[in-house]
Amino acid sequence: MEIVWTIGYAVVVALAGWAAFSMEYYARKARVTASPSVPWMRKAVINRMKAEVEAAGLKAPVLFELGSGFGTLALAAAKECPQMSVVGYEISPVPLFFSRLRAFLSGYKNVKFVSEDMFKADFSKGDVFLTYLTMPLMADLKPKFDAELKPGAIVICNTFHVPGWTPVREETIQNFVYTLKVFTYRKA
Ligand SMILES: C[S@@+](CC[C@H](N)C(=O)[O-])C[C@H]1O[C@@H](n2cnc3c(N)ncnc32)[C@H](O)[C@@H]1O
């Protein structure tokens, strides 16, 4: 019996070590950690997303979450807009595993998480884009947004803006500690 506990313990320690190494490796590779949006920013982004979708009269939009991490934003979007198809792009295996597990447990049928580099995705297929990334990544995304987004596409950014683009709306979200921004863009 003792051998079973020893093996079980060794497996758990090995898995935890691999997960920690993997998270660190992909954070360096991706130039951003998998930190989820904080609850008040998630609420602000989702409320903005609902308002923009309604204002644009989109009946069954496709939403891409670029760098979906643990699935926090994508699952909230799928819950709030059941008519929407939500696709989360994520390259880091540990958050991807948990986002898929959460999607399975939630039972939402309108959300999926793909193990794919967002820079290889076809942005012309999306109507709404959510980001919570870093400035170097936003700068790298800009030419792809310029080239591929269809006219009228909605881009909503948590904290980090699209450099060189003028937002149609810039909201300041004040918390007891932080002042953060939500930037909303419409592709011309
Ligand atoms: C700050 S987290 C955002 C998590 C989530 N969007 C949220 O708001 O809760 C950024 C995520 O983007 C992912 N990421 C960075 N570059 C990526 C790329 N090229 N393709 C797919 N995912 C990427 C990272 O692995 C990380 O999990």
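Analyst: Happy to. By class, the shell around the ligand is made of 14 nonpolar, eight polar and three charged residues (Ala, Val, Leu, Ile, Met, Phe, Trp, Tyr, Cys and Pro count as nonpolar, Asp, Glu, Lys and Arg as charged, and the others, Gly among them, as polar). Please keep in mind that this is a predicted model, where local features need pLDDT of at least 70 and side-chain atom pairs count only at pLDDT 80 or more, while totals for chains, interfaces and linings use all residues. Numbering runs from 1 along each chain as its sequence is written.

In total, 25 residues surround the ligand, and the closest are Ala-30, Ala-34, Gly-67, Gly-69 and Tyr-132 (near means a C-beta atom, placed from the backbone, within 6 Å). Two or more shell residues come from each of α1 (2–30), α3 (72–80) and β2 (85–90) (these are DSSP runs numbered from the N terminus: helices are H or I with at least four residues, strands E with at least two).

Let's start with α1. Its 29 residues reach 42 Å from the first C-alpha to the last, close to the 42 Å expected at 1.5 Å a residue (the expected span is 1.5 Å times one less than the number of residues).

The domain assignment, which is automatic or from a database, gives domain 1 (1–30) and domain 2 (39–186). Their C-alpha centres lie 31 Å apart. Five residues of domain 1 are in contact with four of domain 2 (contact means C-beta atoms, placed from the backbone, within 7 Å). On the domain 1 side, the touching residues are four nonpolar, one polar and no charged.

Now for a neighbour of two shell elements. In α4, the buried residues pack against α3, β2 and β3 (111–115). Those buried residues are Pro-95, Leu-96, Ser-99 and Ala-103. They sit on the same side of α4 because they cover an arc of only 100° around the axis (taken from the directions from the helix axis to the C-beta atoms). On the other side of α4, Phe-104 and Leu-105 are exposed. Gly-107 follows α4, and its phi is positive, near 80°.

Terms used: Contact = placed C-beta atoms within 7 Å. Buried ≥ 20, exposed ≤ 12 C-beta atoms within 10 Å, placed from the backbone.
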